[in-house]
Amino acid sequence: MSKRITIGSFLLIICSILTIYLSPYIISQFRYTSADLENNYNQGFQNGIGDSTGIIAEIDKYKKNIEDLIKLRDSKKEELNVSKEKLKMLEDKLESLENESNLVETELQRMEMEIDILTKDLDYLNNQISFYNDLISSIQEESKSTISFVDDDGTVIDVLTCVNGEILEDRVDVSSTVYREFLGWYINDTLIDLDSHIFNENTTLTARYQYRYDVHFVYDEETTQTIIVDKNSIAIEPKLPENIYSVSWWTTVEDTNTKVDFNTYLITGETTFVAKSVKHYFMYTYYDMNGDIQESHREVEGNKVSIIPSNPTNPVGYEFIDWQAKSTGVNLGNGYMNYYVGDCDESFYPIFMKPTILVSNISILNTELVTEDWPYGGQTYTYTYYTNAEYYYKQSAYGTFVEYLDYQKSFKVNAKVTLSNGITVEFTDGLKGFKDGIYFDFKIVNSDGNISIEMSCYSGVDFSDYEFYKIENFEITSIIYSYV
């Protein structure tokens with residue numbers, strides 16, 4: 001590898017030396033000193049070409065020289081760019097080739113010298129081009145001037161000729177768009193009127209524009225508004241969309257952590273502003289027992305629902321209990337409005353319930369389960385029953401009636417208890433604690449329609465003379481749930 005680098009470097013050095021010695025020779029083919037130019041000009045008059053035809057021919061020759069110089073200059077630029085790329089490659093190579101650093105360093109120095117020579121050649125060519133342009137300008141017919149129309153980026157749009165002391169007859173049209181409005185032609189910073197301006201010398205007219213850019217406003221990761229703003233002007237914070245209650249602050253899409261001040265932020269290109277800490281409006285719609293819309297209200301995200309809806313019409317035999325959210329199953333809190341607005345629109349359906357429910361078709365799940373042995377004798381028995389007492393809805397979105405126990409205020413149990421001693425006791429108006437000299441100790445648990453009853457039976461005044469009775473059978477015949 002070292003050998004290949006050495007041979008390549010040697011060839012590059014030879015080429016560079018040829019470039020150094022040949023460049024001045026090539027460039028000299030296009031060089032004219034002031035004395036040469038004056039001599040050529042005088043010689044032209046002596047040869048009978050000093051008239052206007054000869055001058056024009058001389059100008060054409062200079063223009064041809066300029067074209068050749070420009071081509072040579074562009075070639076030099078290309079050589080310069082290639083040399084710079086080689087230099088960059090060598091610099092990169094220098095970092096990785098520690099054992100060949102001296103050779104690479106030599107090559108770097110040679111390349112830097114070559115770049116310096118090419119840069120000087122380019123400077124000389126640019127001076128030559130400028131010199132010829134000045135010469136052409138100086139020998140133009142004194143009765144006319146050239147008017148150059150230049151775009152604001154320096155591009156020459158057109159060059160026209162105007163008789164000195166007169167108004168320019170032709171025009172150069174520049175189109176406008178919504179994003180670039182043509183403001184007129186300027187000489188330096190002065191706007192001119194081509195319909196009245198008198199030209200007496202070669203003049204450059206520069207186009208000036210009012211640039212405009214799209215400014216986007218993004219809410220919830222979606223662009224909902226776009227306006228057009230003049231360059232170097234400020235954007236006015238827009239009117240909020242219908243579903244937005246407030247925006248705490250704004251950022252740009254490039255820097256979402258920095259707060260934007262619309263009063264000082266200048267628009268210099270297409271810009272996207274992003275809304276932060278947005279609060280929304282959400283629609284809360286209440287349906288009647290038939291699933292039809294009863295009323296709707298707009299509420300602010302995170303706030304407590306503030307408008308109490310009217311009660312719906314009750315089905316026959318039922319009472320209205322509360323409104324329930326379809327998406328969450330959470331109750332509104334009738335009369336208290338303890339419901340906080342979430343992050344989406346919500347639908348509420350009414351809950352209805354019968355004032356009382358009589359349940360007679362009861363099935364037993366566990367006949368007997370010993371849950372506790374008391375330290376002073378006796379046992380507690382648990383009996384669990386399943387009932388059909390549940391919620392009652394009427395709403396088309398759910399398409400069913402449901403009855404549920406959450407709202408029952410009290411219930412009465414009709415039951416029959418048979419003890420191990422043969423005593424049978426019936427409860428016809430609810431469970432009571434004392435019957436026929438025997439204490440019936442009940443604990444009733446209601447959970448989603450499952451009724452669990454823990455019961456122990458005993459007689460006596462205190463622990464010393466308690467007599468406990470084993471329960472042989474416990475049967476619930478009916479339950480009445482009351483909601484009033």
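This is a predicted model: local features need pLDDT of at least 70, side-chain atom pairs count only at pLDDT 80 or more; totals for chains, interfaces and linings use all residues.
Leaving out its neighbours within four places in sequence, His297 is in contact, meaning heavy atoms within 4.5 Å, with Phe282, Met283, Tyr284, Tyr286 and Ile307. Residues are numbered from 1 along each chain as its sequence is written, and side-chain values use heavy atoms, with hydrogens and water left out.

His297 is buried, at a relative accessible area of 16%, where buried means under 20%, exposed over 50% and partly exposed in between, with a 1.4 Å probe and protein chains only.

Turning to the rings, the structure holds 21 aromatic pairs, counted for Phe, Tyr and Trp (its six-membered ring) when centres lie within 6.5 Å, with planes under 30 degrees apart called stacked, over 60 edge-to-face and the rest tilted. One of them is the tilted pair of Tyr209 and Tyr211, at 5.9 Å centre to centre and 55° between the planes; Tyr209 is buried at 8% relative accessibility, whereas Tyr211 is partly exposed at 23%. Tyr287 and Tyr349, by contrast, are stacked, with 4.7 Å between centres and 10° between planes, and here Tyr287 is buried at 16% and Tyr349 at 5%.

Finally, Arg180 lies over the face of Tyr209, 3.8 Å from the ring centre, and the charged end of Arg298 sits over the ring of Tyr281, 3.4 Å from its centre; the criterion is NZ of Lys or CZ of Arg within 6 Å of the ring centre and within 35 degrees of the ring normal.
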